[in-house]
Amino acid sequence: MEIKIGVQNVGREIVLESNQDAETVANVVGEAIKGGSELRLTDDKGRLIIVPGNALGYVEIGAEEVRRVGFGQF
């Protein structure tokens, strides 16, 4: 799923693909905001993304989509 992170006073957003489910990501984001700690997420390639919780502007969590394989009508 795609996750977009907006950081305060930064013009570009951080975009990553994650294998975590939406509920897990929402819980991690909520804890980072509530506790003022850092937001730590791992993308689908194993890279660790760390953002200070007090610098978060927004986090957009994309819908979980089942990937389609093959040819067919949409």
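Which residues does Ser18 touch, not counting residues up to four places away in sequence?

Mentor: This is a predicted model, and what follows should be read with that in mind. Leaving out residues up to four places away in sequence, Ser18 touches Met1, Ile3, Thr42, Asp43 and Asp44.

Start with where the residue sits. Ser18 belongs to the loop that joins strand S2 (14-17) to helix H1 (22-35). Its relative accessibility is 3%, and because buried means under 20%, Ser18 counts as buried.

The side chain of Ser18 has polar atoms to follow. One distance, 3.1 Å, separates a polar atom of this side chain from the backbone nitrogen of Gln20. Another, 3.5 Å, runs from a polar atom of the Ser18 side chain to the backbone oxygen of Thr42.

Strand S3 covers residues 38-42, and Thr42 is on its uncovered face together with Glu38 and Arg40. The covered face of S3 consists of Leu39 and Leu41. S3 pairs with strand S4 (residues 48-52) in the antiparallel sense, over 5 bridges. Within that pairing, Pro52 of S4 stands opposite Glu38. The two strands form a hairpin with 5 residues between them, and there Gly46 has a positive phi near 90°.

S2 pairs with strand S1 (residues 2-7) in the antiparallel sense, over 4 bridges. Glu2 has Glu17 in S2 as its bridge partner. Ile3, one of the residues that Ser18 touches, falls within the residues 2-7 of S1.

S1 and S2 are part of an open sheet of 3 strands, in the order S2-S1-S5, with antiparallel pairing. S2 and strand S5 (56-61) are the edge strands; each has a single partner strand, so one side of each lacks a neighbour in the sheet. From one strand to the next, the twist averages 15°.

Last, the whole chain. The protein chain has 1 helix and 5 strands, and from the N terminus on they run β-β-α-β-β-β. Of its 74 residues, 24% are buried, and Ser18 counts as buried too. Among contacts with a separation of 6 or more, 47% come from residues 24 or more positions apart. The chain exposes about 5,600 Å², of which carbon and sulfur atoms supply 49%.

How values were computed:
Residues are numbered from 1 along each chain as its sequence is written. This is a predicted model: local features need pLDDT of at least 70, side-chain atom pairs count only at pLDDT 80 or more; totals for chains, interfaces and linings use all residues. Side-chain values use heavy atoms; hydrogens and water are left out. Buried means under 20% relative accessible area, exposed over 50%, partly exposed in between (1.4 Å probe, protein chains only). Two strands pair if DSSP finds at least two bridges between them. A polar contact is a pair of N or O atoms within 3.5 Å; within protein, one must be able to donate a hydrogen and the other to accept it, and residues adjacent in sequence count only if both atoms are side-chain atoms. Contact means heavy atoms within 4.5 Å. Accessible areas come from the Shrake-Rupley method with a 1.4 Å probe; for residues, only the protein chains shown count as cover. Axes are lines fitted to C-alpha atoms, for helices over the stretch in contact, and angles run from 0 to 180 degrees between N-to-C directions.
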